[in-house]
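These are my notebook entries on a single protein chain. I set down what I looked up, one topic at a time.

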Amino acid sequence: LPTLGTADGKEPVVLIDGAVSENLFDFDHMAMKLDGVMVTDPDGVSTPAPAGVTQKSRASFELKMPKPGTYKVSTSSLTMMASWKEGSETRRFRGTEEAFKKDVPANAAELQSSSQHARIETFVSANKSSTGALKPSGAGLEMVPVTHPNELRAGETATWRFTLDGKPLANFPFSLIPGGVRQRGVLGEIRLSTDASGQASVKLPDGGWYYMSASYPAGLAKGAQPPGPNPRRYSYTATLEILPE
């Protein structure tokens, strides 16, 4: 969750807070690990996020923005899970793809593996909007902004495209959840879907912070695995701000 301010009165700075929470946009559970957080600048150059501070319920870092334009703050992780037999004993693994290749025998008996690719993004602009940081990677599940993510205004129409490994996802469901769930007492989820070309054009609701959420394959029960010998699941989340009319 970004909060804007100034650094020494000379250049914009954004404070990024990360947390694993029970309630949307509340720091009520535990801090998010900052390992692997990347910052993409207006020129499209990605670097690790600056060092931050971790407290009990949140982790934070300040990002100075010396270049005018849009910055993307993101994480992208691939978690592998596996089980196999060694004699009568069942062995299990959960970790990175690199550790999987090292620690799990390729010819293990009754080997079963699956993977989860997760992407989290937020966007902030200094002085002006730009598109250099918005170029998709072409790997995993991604939201490709057609409407700039820092130019969302209530009552106007925004267009988003979803892709999987660079290919458009037709008729793909996703959702927007407004902040303030604790005060409303209801989730208030807005369910949406892409069209046959993988795009969705949506009239934007009231201003505020919104949580965008999508997963592929869609419609799986929690904990269920996609079919196939080496199933893969993908998730995408973003924090977006819709400005008032």
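**Entry 1. Strand pairing.** I began with the strands of this predicted model. Strand 10 and strand 18 run parallel and are joined by eight bridges. Within that pairing I looked up alanine 118, whose bridge partner in strand 18 is serine 235. Strand 10 also pairs with strand 8, here in the antiparallel sense and over 16 bridges. For serine 74 I noted glutamate 121 in strand 10 as the bridge partner.

**Entry 2. The chain as a whole.** I then counted the elements: the protein chain has 18 strands and two helices. Its radius of gyration is 20 Å, close to the 18 Å that the globule rule gives for 245 residues, so the chain is as compact as a globular protein of that length. Along the principal axes, the C-alpha atoms fill a box of roughly 65 × 45 × 40 Å. I recorded 39% of the 245 residues as buried. Among contacts with a separation of 6 or more, 63% are between residues 24 or more positions apart. The accessible surface comes to about 13,600 Å², and carbon and sulfur atoms hold 50% of it.

**Entry 3. Nonpolar cores.** Which residues of the largest nonpolar core touch the most other members? I found Leu141, Trp160, Phe162, Phe174, Met212, Tyr236 and Leu240, out of 26 residues in that core. At least two core residues come from each of strand 11 (141-145), strand 12 (157-164), strand 14 (173-178), strand 16 (199-203), strand 17 (208-216) and strand 18 (232-242). Strand 18 gives the largest share, five residues. Another core, of 11 residues, lies apart from this one, and its members include Ile16, Val39, Met65 and Ala126.

**Entry 4. Tyrosine 234.** I next examined tyrosine 234, which is placed in strand 18. Is this residue, tyrosine 234, buried or exposed? Its relative accessibility is 9%, under the 20% limit, so tyrosine 234 counts as buried. Beyond its neighbours within four places in sequence, tyrosine 234 is in contact with Gln116, His117, Gly140, Leu141, Leu164, Asp165, Ala214, Ser215 and Tyr216. One of these, serine 215, is 19 residues away along the chain, yet the two C-alpha atoms are separated by 5.5 Å.

**Entry 5. Salt bridges.** I counted seven salt bridges. In one of them the side chains of aspartate 26 and arginine 182 meet at 3.7 Å, N to O. Aspartate 26 lies in the loop between strand 2 (11-20) and strand 3 (30-31), and arginine 182 lies in helix 2 (residues 181-184), so the pair ties together parts that are 156 residues apart in sequence. Aspartate 26 counts as buried at 17% relative accessibility, whereas arginine 182 is exposed, with a relative accessible area of 55%.

In a further salt bridge, glutamate 121 and lysine 72 meet through their side chains at 3.6 Å, N to O. This pair links distant parts of the chain, with glutamate 121 in strand 10 (residues 109-126) and lysine 72 in strand 8 (residues 69-86), 49 residues apart. Both glutamate 121 and lysine 72 are buried.

I also looked up glutamate 189 and arginine 191, whose side chains form a salt bridge at 3.4 Å, N to O. Glutamate 189 is partly exposed at 33% relative accessible area, while arginine 191 is exposed at 72%. Salt bridges with shared partners join Asp41, Asp43 and Lys67 into one network.

**Entry 6. Backbone geometry.** Which peptide bond is cis, with omega near -5°? I found that bond from tyrosine 216 to proline 217. Proline 217 lies in the loop between strand 17 and strand 18.

Glutamate 110 is not a glycine, yet its phi is positive, at about 55°. Glutamate 110 sits in strand 10 and is exposed, with a relative accessible area of 60%. Asparagine 171, also not a glycine, has a positive phi of about 50°. Asparagine 171 is found in the loop between strand 13 (167-168) and strand 14, and it is exposed at 56% relative accessible area.

Notes. Residues numbered from 1 in each chain as written. Predicted model: local features only at pLDDT ≥ 70, side-chain atom pairs only at ≥ 80, totals over all residues. Heavy atoms only, no water. Core = buried A, V, L, I, M, F, W, Y, C linked by side-chain atoms within 4.5 Å. Buried < 20%, exposed > 50% of the residue type's maximum accessible area, 1.4 Å probe, protein only. Helix = DSSP H or I, 4+ residues; strand = E, 2+ residues; numbered from the N terminus. Contact = heavy atoms within 4.5 Å. Salt bridge = Lys/Arg side-chain N within 4 Å of Asp/Glu carboxyl O. Pairing = 2+ DSSP bridges. Rg over C-alpha atoms; globule rule 2.2 N^0.38 Å. Areas by Shrake-Rupley, 256 points an atom, 1.4 Å probe, with all protein chains shown as cover.
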